[in-house]
Amino acid sequence: MSFKKQRESTIEKTLLPDEQRAKIDEVKKMIGPIVDKLPMLCSEAEISRYLRARNWNTKKAGKMLKDSIKWRLEYKPEKIRWENVAHEAETGKIYKASYSDKYGRTVLIMRPGFQNTSAVNEQILYLVYCMENAINSNPDHEQMVWLINFQLWNTSSISLKVTRETAKVLQNHYPERLGLGILYNPPKIFESFWTMVKPFFEPKTFKKVKFVYSDEAAGLSSGDEAPAASSNIIDDKMQQDEPRLNTNDVANGDTKKQK
């Protein structure tokens, strides 16, 4: 991609409500009868997210939505049950926090240093399970915060394949769900890995990701490119939310300390 095209792809369009409605209706026509057969997958809110992800380009958004509908019909994320992912969840490497950020958005904690398997498909299955749970638990807020805590992370935690598949699933099938991504206390060596995986992520996603270190946490403010989470997420609340979890706690999104 040329510099000019890359720059244009990061400039977000602002449309008037009537213009947005026209774009949504256009995508509906492109999708066809499936709109009526799968209303939950083709709601105006869903279509709007795909349009925003493709900067209101109806042709690109329509193709993206069609591909995503096909993926959901085949993958069936709504049918994933706890018994399907319990082993992946044993260490609490991904879970929904017991608090929201100051905008009311769900906070999804990710701890890659707590990885306990090498099965890529099962890891992605668990990620999808957690995403579905986070979305359904807070339907009033379509976006969420991803707080990636690098506790115990080292070079053995690196997996290009998992990172690529994670980026693919999140960007293609959960567009505009990320409000803010916080990389909390990543070790110096992670910077090289981050540079290496940059091609997996769209520029729009990259702009929402912030590197934050414990001594700088209070400096993350709402003046950032993406609306920032409350600094309490990074400090007090995150420390309170680091218990030793059992599988039932993680399944229910409950991060209370064990008695």
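This is a predicted model: local features need pLDDT of at least 70, side-chain atom pairs count only at pLDDT 80 or more; totals for chains, interfaces and linings use all residues.

Reader: Which residue of strand 2 is the bridge partner of lysine 96?

Author: The partner is leucine 108.

Reader: Why is strand 1 said to be largely enclosed?

Author: For burial, the cut-off is under 20% relative accessible area. Five of the seven residues of strand 1 (residues 94-100) are buried, so the rest of the structure largely encloses this strand.

Reader: How many of the ten residues of helix 4 are buried?

Author: Seven are buried, so helix 4 (residues 44-53) is also largely enclosed by the rest of the structure. Among the buried residues are Glu46, Arg49 and Tyr50. Their cover includes helix 2 (17-31), helix 5 (58-75), helix 8 and helix 10. After helix 4 comes asparagine 55, with a positive phi near 55°.

Reader: Which residues of helix 9 are buried, and where do they lie around the axis?

Author: In helix 9 (residues 190-197), the buried residues are Phe190, Phe193, Trp194 and Val197. They lie on the same side of the helix because their arc around the axis is only 100°. Ser192 and Thr195, on the other side, are exposed.

Reader: What covers the buried residues of helix 9?

Author: The cover includes helix 8 (160-173), strand 4 (178-184), helix 10 (203-206) and strand 5 (209-212).

Conventions
Residues are numbered from 1 along each chain as its sequence is written. Side-chain values use heavy atoms; hydrogens and water are left out. Buried means under 20% relative accessible area, exposed over 50%, partly exposed in between (1.4 Å probe, protein chains only). Helices (H or I, at least four residues) and strands (E, at least two) are DSSP runs, numbered from the N terminus. The arc is that of the directions from the helix axis to the C-beta atoms. Contact means heavy atoms within 4.5 Å. Two strands pair if DSSP finds at least two bridges between them.
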